[in-house]
Amino acid sequence: MENTLRISGLSNDSIVDGPGLRFVIFTQGCDMHCEGCHNPSTWDKNGGYLITFEEVLSKIAANPLLDGVTLSGGEPFLQARSLAELVRMFPKNLNIICYTGFTYEYLIENANKENGYKELLSVTDTLIDGEFIESEKDYNLDFKGSRNQRSIDVKASMENKKIILL
Ligand code: SF4
């Protein structure tokens, strides 16, 4: 459906999904099925519920203290085109963090017009990439679940055509 997202939930004011005060969109649907995933209820692509862009935008507008928006999951890149369109409507002062079970390299290599991977990357400031790996789990990592995951400066990486970590 146009101008809608399938989500498992929202958080209006999170301090655990990135730096500062953040609005979080938990998208619905994920094919990775990582062992030890904290949100298996987000796997079913037909689960969760639909929300309109308007509803998301009005909730964001209602909180002027926000520093940014985090796109989490589920797997945000399964709805990359819609998310990119929505993010382009956000106030420009908000920074965007996107979690993904895919690697940055996979997204760049497999980007095409239909899947919208590049569109979502191009509106993302920080990409936290890679599957959650139980044996690499570490509670001391900032905003990451396992040591294999990386915080990537997406704009610098796309410009330089190589991965620039934060
Ligand atoms: S990518 Fe994330 S949501 Fe998907 S199974 Fe792995 S930990 Fe869970």
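**Close-up views of a predicted model**

**View 1. Ring pairs tie F77, F102, Y106 and Y117 together into a cluster.** This is a predicted model, and the rule for ring pairs gives three aromatic pairs in it. Take F102 and Y106 to start with: their ring centres sit 5.0 Å apart with the planes at 10°, and since planes under 30 degrees apart count as stacked, this pair is stacked. F102 has a relative accessibility of 14%, so with the cut-off for buried at under 20% it counts as buried. Y106, at a relative accessible area of 35%, is partly exposed.

**View 2. F102 also pairs with Y117, this time in a tilted arrangement.** Here the rings are 6.0 Å apart centre to centre, with 40° between the planes. The pair links distant parts of the chain, 15 residues apart. F102 comes from the loop between strand 5 (95-99) and helix 3 (104-110), while Y117 belongs to helix 4 (residues 117-122). Buried or exposed, these two? Both F102 and Y117 are buried.

**View 3. The ligand takes up the space of the largest pocket.** Around the ligand you'll find C30, M32, H33, C34, C37, W43, G74, G101 and F132. Sorted by class, that shell has six nonpolar residues, three polar ones and no charged ones.

**View 4. Now for the largest pocket itself, with a volume of about 690 Å³.** Its lining has 32 residues, and H38, N39, Y99, F132 and Q149 are the closest to the pocket centre. What does the lining of the largest pocket look like by class? It divides into 14 nonpolar, twelve polar and six charged residues. F132 is also one of the residues surrounding the ligand.

View 5. As background, most residues other than glycine have a negative phi, and most peptide bonds are trans. The peptide bond joining G73 and G74 is cis, with omega at about -5°. G74 lies in the loop between strand 4 (68-72) and helix 2 (80-87). H33, which isn't a glycine, has a positive phi near 50°. You can find H33 in the loop between strand 2 (22-27) and strand 3 (49-52), and its relative accessible area of 45% makes it partly exposed.

**View 6. F143 has a positive phi too, at about 60°, although it is not a glycine.** The loop between strand 6 (126-129) and strand 7 (150-153) is where F143 sits. With 31% relative accessibility, F143 counts as partly exposed.

Technical notes:
Residues numbered from 1 in each chain as written. Predicted model: local features only at pLDDT ≥ 70, side-chain atom pairs only at ≥ 80, totals over all residues. Heavy atoms only, no water. Near = heavy atom within 4 Å. 1 Å grid on protein atoms, 1.4 Å probe; cavity = no way out; pocket = protein on both sides within 12 Å on 5 of 7 lines; lining within 4 Å. Sits in = over half its atoms within 2 Å of the grid points. Nonpolar A, V, L, I, M, F, W, Y, C, P; charged D, E, K, R; others polar. Phe/Tyr/Trp six-rings, centres within 6.5 Å; stacked < 30°, edge-to-face > 60°. Buried < 20%, exposed > 50% of the residue type's maximum accessible area, 1.4 Å probe, protein only. Helix = DSSP H or I, 4+ residues; strand = E, 2+ residues; numbered from the N terminus. Points joined across faces, edges and corners; volume = space filled by probe spheres on them.
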